[in-house]
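Student: I have a structure open and want a quick tour. Can you walk me through it?

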Amino acid sequence: MNFEPKILSFLCNWCAYAGADLAGISRFQYPPNTRVIRVMCSGRVDPVFIPKAFLAGFDGTMILGCHPGDCHYLTGNLQAERKIRLTGKLFEMAGVGSARILLDWVSAGEGERFAQVVRQFVEKIKQLGPFVLDPDTKEKLDAIRASLDGEKIRWMVGKGPELLEKENVYGERLPGAKIEEVVEGTIRDEFIKNRIILLVESKPLAATEISNRLNLRLKDTLSYLVSLIGDGKLGFDASEEGRVPRYIRA
Amino acid sequence: MRAALGLARQGFECALVEKESELGGNLREIYTTLEGNDVQNLLQETMKEVYANPRIQVFTHAQVKQINGYVGNFVTHLAVNGAEKEYEHGVVVVAVGGKERTPNEYLYGQDRRVLTQRDLEEKIVHHWEEIGTCQRIVMIQCVGSRIPERPYCSRICCSVAVKNALKIKEKNPAAEITILYRDMRTFGMMERFYTEARKRGVFFIPYDLDSEPDLRLEDPLLHLTVRDKILGEEVTLEPDLVVLASAIVPYDNEALAKMLKVPLNSNGFFLEAHAKLRPVDFATDGIFLAGLAHYPKSISECIAQADAAVARATAAMAKGYVTVLPTISEVDPERCIGCGLCEILCPFSAIRVVETEKGKKSETIAASCKGCGICSSSCPQKAITIHHFSDEQLMVQIDALIGEKKEAA
């Protein structure tokens, strides 16, 4: 089978894009599978673009920025590193996997390296095969997208650096590992909650049905449901008769 | 003072804010340089020029309470002798200086025979009788510098030690002076003074970080042992004067750095935008840096850096306007909840939360925004757009680039 991957790349204007340009000028050969979107800084890449890319039909997504310490905007690439790493974690939690997401650093003078990075990534995606957008995966990507769009994850990810470097409002210094643990826990919770919302959108479901569908313990499902009702995002289906309550989108 | 004079000569009004009751800072306590300049004369001449210049407003005994605004539009609140004063200005030059660290090593403060180089210079000039009788002088370099807690070199102390050694030799040729050093850095043209010191019979003994000199009081004598790296043996000295080259440390710049929203490096000095390409700028537009506040350096280097800061500051102000980038951020006040995350994350202090009729909202400072997009991709409410790189524009590119869509499985 002649599978030609379609790869979306976000290149930062000052380093990665210039590096890619240099690769072109220097006539370094690399496979033509990437489609480039230029952004001013890798920090501009909103995590929500990544599930969007896979939903649109891409087989892999690549984000290239300046080397750490060299960002034209000082800290943009460091913020990108954090956001995209946590996005990768979310993809892993979702069962979609993060092997198809690449974050790397290419400087403006590294034409050869840009070509090499692309060559290696295209080869890797070729090995992984086409990204299959079956209904289950699509559902997961939609939930990922909704989670990354949501204020909770955005707030936690954004606040992270400050909490890691400074004290919180109570004057306490929390250990880095603990903060990351809390952030990852929140990401997981948000993802599951968004999956539940999307599930009940198509038809009202009972707690056990949701639990089976998502492969969760009933106890955990119930806590998520309570949380969602509290947030005002879920409601009860008033039309159904019978003893088992069914949940609907509020 | 040099920066103020530079700005004034180019036709700009400026305010010189000094925390002490007199101008001059560290310069007041330096008398000569290694090359033989008359520093007190320089100080007096410069002060005279500053006070004579009608464009320079001098505030002594003054403290900066608050600095608001951005390039071209700063408002600073001062407390001058306790009284409040407001000053409007277009740029800021940070030249708050640094100081000699008070050592806690080598019996400093416990024995009157242990001095710092600063103390020594004071005595040479004003109380020669106290040290004129000293016959065996040991100077220890790198006291508090180039150690794990303070890894930087204080740059000028080798030159100062050689300077003071030569001064003592001049007045008391019989004095035996030994300088214990880790690396001798009388850099540039000053190397010739090091050669001269050796010719005049000053001893130089190299030591290592893992075998530092040991100074004890064995009443009534001071007993110093050090492992000579070249000899490979322990040398014992009984000095009647020990002079420490103490590190140059920054003042507590935390408060000022917070007010200006500029960064400090890990040693507490102000951090410039780029070490090679923008050495006197801060990342935030309109704020400039010179002198010891940036890093230990000699008087001539401070003067040169002040001139550089003036060049940058006047370049920023000369046009009379600031060209704003088209690719800047914009906040939708309907969506913004004033959480302030964008203000925390912006590397250029170009977005800030302000009070509006509808409560706290974020607002872009167009003059400072560089268009990186960090705020936009971080905003929890997705309230921030970057002109020409909006979410919609980028999403549309994603859709366009896929070309022929795949068949749904």
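Tutor: First a term. Domain bounds here come from an automatic or database domain assignment. Also keep in mind that this is a predicted model.

Student: OK. What does the domain assignment of chain B give?

Tutor: Three entries for chain B: domain 1 (2-97 + 251-318), domain 2 (100-248) and domain 3 (329-401). Domain 1 of chain B is written as two segments, 2-97 and 251-318.

Student: How far apart are the centres of domain 1 and domain 2 of chain B?

Tutor: Their centres, taken over C-alpha atoms, are separated by 32 Å. The contact uses 11 residues from domain 1 of chain B and 15 residues from domain 2 of chain B.

Student: What kinds of residues does domain 1 of chain B put on that side?

Tutor: On the side touching domain 2 of chain B, domain 1 of chain B has five nonpolar, four polar and two charged residues.

Student: And chain B as a whole, what radius of gyration does it have?

Tutor: Chain B has 27 Å, whereas a compact globule of 409 residues would be near 22 Å. Its C-alpha atoms fill a box of roughly 90 × 65 × 35 Å along the principal axes. Buried residues are 36% of the 409 in chain B. Chain B contains 11 helices and 21 strands.

Student: Switching to chain A. How is it divided?

Tutor: Into domain 1 (7-128) and domain 2 (150-249). The C-alpha centres of these chain A domains lie 30 Å apart. Seven residues of domain 1 of chain A contact eight residues of domain 2 of chain A. On the domain 1 side of chain A, the residues touching domain 2 of chain A are four nonpolar, no polar and three charged.

Student: Now helix α4 of chain A. How many residues does it have?

Tutor: Helix α4(A), residues 111-128, has 18 residues. From first C-alpha to last, α4(A) reaches 26 Å, close to the 26 Å expected.

Student: Which residues of α4(A) are buried?

Tutor: G111(A), F114(A), A115(A), V117(A), V118(A), F121(A), V122(A) and I125(A).

Student: What do the buried residues of α4(A) pack against?

Tutor: In chain A, they pack against β1 (7-12), α1 (16-25), β2 (34-39), β3 (60-65) and β4 (101-105).

Student: And which residues are exposed on the other side of α4(A)?

Tutor: E123(A) and Q127(A) are exposed there.

Student: What follows α4(A)?

Tutor: G129(A), with a positive phi near 85°.

Note on methods:
Residues are numbered from 1 along each chain as its sequence is written. Chains are lettered from A and ligands numbered from 1 in the order in which they are written. This is a predicted model: local features need pLDDT of at least 70, side-chain atom pairs count only at pLDDT 80 or more; totals for chains, interfaces and linings use all residues. Helices (H or I, at least four residues) and strands (E, at least two) are DSSP runs, numbered from the N terminus. The expected span of a helix is 1.5 Å times one less than its number of residues. A residue is buried if 20 or more other C-beta atoms lie within 10 Å of its own, exposed if 12 or fewer, and partly exposed in between; C-beta atoms are placed from the backbone. Two residues are in contact if their C-beta atoms, placed from the backbone, lie within 7 Å. Ala, Val, Leu, Ile, Met, Phe, Trp, Tyr, Cys and Pro count as nonpolar, Asp, Glu, Lys and Arg as charged, and the others, Gly among them, as polar. The radius of gyration is taken over C-alpha atoms; the globule rule is 2.2 Å times the number of residues to the power 0.38.
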